[in-house]
Amino acid sequence: MDGKFCQSREEKVSPEVIRSLIGKARAQLALAYAPYSGFYVAAALLCKDGTVYTGCNIENASYPAGNCAERTAIFKAVSEGHREFSCIVIMGGKDGKVEEYCPPCGICRQVLREFCPPLGFSVILAKSEEEYRIFSLEELLPESFGPESLA
């Protein structure tokens with residue numbers, strides 16, 4: 001869904017807030033540690049109470065030990081006691097140059113699913129403050145396995 005509002009079943013996030021989140025994510029690109037791939041990724045996660053957590057990718061010579069930007073942001077938030085989220089902005093590109101949309105990997109989609117309702121959480125893929133696409137988590141991870149699957 002292309003659009004100017006980040007809309008879930010529960011709320012709308014204004015274009016101004018989306019632009020602010022994109023700015024916060026863009027600032028994180030410079031902090032990414034990507035000496036192996038050269039692919040920098042950053043994220044800004046909006047909690048339901050308005051708190052924002054950011055993250056960047058952190059690579060490791062032992063590749064599986066690295067961490068994606070999206071998981072960095074959500075792990076920071078969860079470790080600080082937050083469990084309810086509205087949306088996440090993700091952006092990235094080779095050498096930190098954002099030229100294309102940067103969707104989350106499968107592991108990040110599953111981690112988001114642990115804490116976010118598929119239809120009530122938006123994933124915003126951004127190239128700039130003016131150019132972004134909004135998806136529900138359901139669109140990016142259909143027929144997902146979540147906490148209620150184990151109930």
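This report describes the strands, helices and side-chain pairs of a predicted model.

## Basis of the description

Residues are numbered from 1 along each chain as its sequence is written, and side-chain values use heavy atoms, with hydrogens and water left out. Because the model is predicted, local features need pLDDT of at least 70 and side-chain atom pairs count only at pLDDT 80 or more, while totals for chains, interfaces and linings use all residues.

Helices (H or I, at least four residues) and strands (E, at least two) are DSSP runs, numbered from the N terminus. A residue is called buried under 20% relative accessible area, exposed over 50%, and partly exposed in between (1.4 Å probe, protein chains only).

## The sheet

Five strands form an open sheet in the order S4-S3-S5-S6-S7, with mixed pairing. Two strands are said to pair if DSSP finds at least two bridges between them. Strand S4 (52-56) and S7 stand at the edges; each has a single partner strand, so one side of each lacks a neighbour in the sheet. On average, neighbouring strands of this sheet are turned by 20 degrees against each other, direction ignored. The axes behind such angles are lines fitted to C-alpha atoms, for helices over the stretch in contact, and angles run from 0 to 180 degrees between N-to-C directions.

Strand S3 (residues 39-47) runs antiparallel to S4, and five bridges join the two. Ala-44 has Thr-54 in S4 as its bridge partner, and Leu-45 stands opposite Tyr-53 in S4. The hairpin of S3 and S4 has four residues between the strands, and Gly-50 in this hairpin takes a positive phi near 95 degrees. Four of the five residues of S4 are buried, so this strand is largely enclosed by the rest of the structure.

Which elements do the buried residues of H2 pack against? They pack against S3, S4, strand S5 (85-94) and H3; contact here means heavy atoms within 4.5 Å. H2 is mostly covered, with eight of its eleven residues buried. Among them are Ala-69, Thr-72, Ile-74 and Val-78. After H2 comes Gly-81, which has a positive phi near 100 degrees.

Asn-67 lies in the loop between S4 and helix H2 (69-79). The side chains of Asn-67 and Arg-71 are joined by a polar contact of 3.3 Å. A polar contact is a pair of N or O atoms within 3.5 Å; within protein, one must be able to donate a hydrogen and the other to accept it, and residues adjacent in sequence count only if both atoms are side-chain atoms. Neighbours within four places in sequence left aside, Asn-67 is in contact with Cys-56, Asn-57, Ile-58, Thr-72 and Phe-75.

## Salt bridges

Side chains of opposite charge can pair when their charged atoms come close. A salt bridge is a side-chain nitrogen of Lys or Arg within 4 Å of a carboxyl oxygen of Asp or Glu. A search of the whole structure finds four salt bridges. One of them joins Glu-129 and Arg-26 (3.7 Å, N to O). This pair links distant parts of the chain, 103 residues apart: Glu-129 is in the loop between strand S6 (122-126) and strand S7 (132-136), and Arg-26 is in helix H1 (residues 15-29). Glu-129 is partly exposed at 22% relative accessible area, and Arg-26 is partly exposed at 33%.

Glu-148 and Arg-113 also meet in a salt bridge (2.2 Å, N to O). They lie 35 residues apart, Glu-148 in the segment after helix H4 (137-140) and Arg-113 in helix H3 (residues 106-115). Is Arg-113 buried or exposed? Arg-113 is buried, with a relative accessible area of 5%, whereas Glu-148 is partly exposed at 47%. In the salt bridge of Lys-127 with Glu-131, the closest N and O atoms are 3.5 Å apart. Lys-127 is buried at 18% relative accessible area, while Glu-131 is partly exposed at 38%.

## Aromatic pairs

The structure holds two aromatic pairs. Rings of Phe, Tyr and Trp (its six-membered ring) pair if their centres lie within 6.5 Å; planes under 30 degrees apart count as stacked, over 60 as edge-to-face and the rest as tilted. The rings of Tyr-36 and Tyr-63 have centres 6.0 Å apart and planes at 55 degrees, so this pair is tilted. Tyr-36 is in the loop between H1 and S3, and Tyr-63 is in the loop between S4 and H2. Tyr-63 is exposed, with a relative accessible area of 62%.

Phe-85 and Phe-115 form an edge-to-face pair, 6.5 Å centre to centre, with 85 degrees between the planes. Phe-85 belongs to strand S5 and Phe-115 to helix H3, 30 residues apart. Phe-85 is buried at 2% relative accessible area, and Phe-115 is partly exposed at 26%.
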